[in-house]
Amino acid sequence: MGKTKKEAKKAMGVSPITGTIYYGTIRGDEWVGEKEDVTDMAVRAVFDWFLEQYENMHLLEGDEFLISFSDSDYVLAMRKNRRGNENDI
């Protein structure tokens, strides 16, 4: 009997070796064809999304905006930096 061919789809993923975020085409769990390093763009987009969420909630200084995924033991948090911009990336 023939093996069912998995569908190729566009996706983003993180390299477990380098930590680089890539955008490209995957089939199953393998990259096929070219992939593009979108690390800076992806991190910036997520940061901007977090900032928008934080500001829309009208949180007070020191309050945090948190998100988590139900299958993860971790949370992502945003809070206003009281010390200025000393932790810039």
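**Legends to the close-up views**

In the protein chain, residues 24 or more positions apart supply 11% of the contacts (heavy atoms within 4.5 Å) that have a separation of 6 or more. The model is predicted: local features need pLDDT of at least 70 and side-chain atom pairs count only at pLDDT 80 or more, while totals for chains, interfaces and linings use all residues. Residues are numbered from 1 along each chain as its sequence is written, and side-chain values use heavy atoms, with hydrogens and water left out.

**View A. Secondary structure of the protein chain.** The order along the sequence is β-β-β-α-β-β, comprising one helix and five strands (DSSP runs numbered from the N terminus: helices, H or I, at least four residues; strands, E, at least two). Of the 89 residues, 18% are buried (under 20% relative accessible area; exposed is over 50% and partly exposed in between, with a 1.4 Å probe and protein chains only).

**View B. Salt bridge between aspartate 48 and arginine 44.** The two side chains meet at 2.9 Å, N to O (a salt bridge is a side-chain nitrogen of Lys or Arg within 4 Å of a carboxyl oxygen of Asp or Glu). Both residues belong to helix H1 (residues 39–56), four residues apart, about one turn of the helix. Aspartate 48 is partly exposed at 36% relative accessible area, as is arginine 44 at 48%.

**View C. Salt bridge between glutamate 64 and arginine 79.** The closest N and O atoms of this pair are 3.7 Å apart. The pair links distant parts of the chain, 15 residues apart: glutamate 64 lies in the loop between H1 and strand S4 (65–68), and arginine 79 in the segment after strand S5 (75–78). Glutamate 64 is partly exposed, with a relative accessible area of 42%; for arginine 79, also partly exposed, the value is 44%.
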